[in-house]
Amino acid sequence: MYNPRQMNHYTAHIIEIRMDEDGLPRAMLSCPPEAIPTPGRYVLAHAPADADLALATPLFAAGYAQHGRGFTAAPPFPATWQPGSVIQLTAPRGHGFEIPADTRRLGLVGLGLHVATLLPLALAAFEHGGEVALFTDAPLPRLPASLEANPLAALADATAWADVLALAGPLSALLALPDELRTRLPGNSQILIETALPCGGLAECGICALPAGRGKWLAACTAGPVVTLNQLEIA
Ligand code: FES
């Protein structure tokens, strides 16, 4: 579905792969600034050495190198990638998080296996003098000292505390929240839907379709993968 010869791409190098405290790997890539995704957006990545992998890997940022030299990719990514591997990246794709700069209290909600894709939002909020609280039952990675981590059960109280909620996880995890909690989440909460993005919209495969209500569907790869709860049919 994805053929790097059919599109412009950027060359990246894997500088380091390290295991974080949540037991999952992170890959540090050096690449041109044009190939660095903002939080919630993604690049399609393909290692020419992995000729057997037909599909590209969507990569999300879990952190950024200084001076726009690259980014740290959140898991998952192919286990064959090693320091020194050469990776081809598309330009960033999709719709990412849009957290207003004047947000004073930001709630981060991890519904998936890790919270790596939410952490760049915390660092940006701290730079603006905001407060940030994390709610998740996932294993915790190394966190900034000022980031307070709470179990998901504490999220009910946060719905009134936070100016903005940013979530990440599969749609199934959102639907699995107790009705009483899910219906208290503000409709303008933003969620990074973790789903397969095999073509990134290039082949209109439809695998990433999200229910938008009234029989309509959203393509997570182009209209998302960050959408507001208002855009989804989650009743
Ligand atoms: S990933 Fe193929 S249409 Fe979205």
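I started with helix α1: its buried residues pack against β5, β8 (105–110), β9 (131–136) and β11 (164–169). I note that this is a predicted model.

Next I looked up which residues of α1 are buried. Helix α1 covers residues 119–127, and its buried residues are L119, P120, L121, A122 and A125. I recalled that an α-helix has 3.6 residues a turn, so residues three or four places apart point the same way. I then checked the backbone past the helix. Just after α1, G129 has a positive phi of about 80°.

I turned to aromatic rings. How many aromatic pairs does a search of the whole structure find? I got two.

I took Y42 and F60 as one entry. Their ring centres are 5.9 Å apart and their planes stand at 40°, so I logged the pair as tilted. Stacked would need planes under 30 degrees apart, and edge-to-face over 60. I looked up where the two residues sit. Y42 lies in the loop between β2 (25–30) and β3 (43–46), and F60 in the loop between β4 (57–59) and β5 (61–64). They are 18 residues apart, and the pair links distant parts of the chain.

Are Y42 and F60 buried or exposed? Y42 is buried, with a relative accessible area of 0%. F60 is buried too, at 13%. The cut-off for buried is under 20%.

I then logged F77 and W81. Their ring centres lie 5.8 Å apart with the planes at 10°, so this pair is stacked. Both F77 and W81 are buried.

Note on methods:
Residues numbered from 1 in each chain as written. Predicted model: local features only at pLDDT ≥ 70, side-chain atom pairs only at ≥ 80, totals over all residues. Heavy atoms only, no water. Phe/Tyr/Trp six-rings, centres within 6.5 Å; stacked < 30°, edge-to-face > 60°. Helix = DSSP H or I, 4+ residues; strand = E, 2+ residues; numbered from the N terminus. Buried < 20%, exposed > 50% of the residue type's maximum accessible area, 1.4 Å probe, protein only. Contact = heavy atoms within 4.5 Å.
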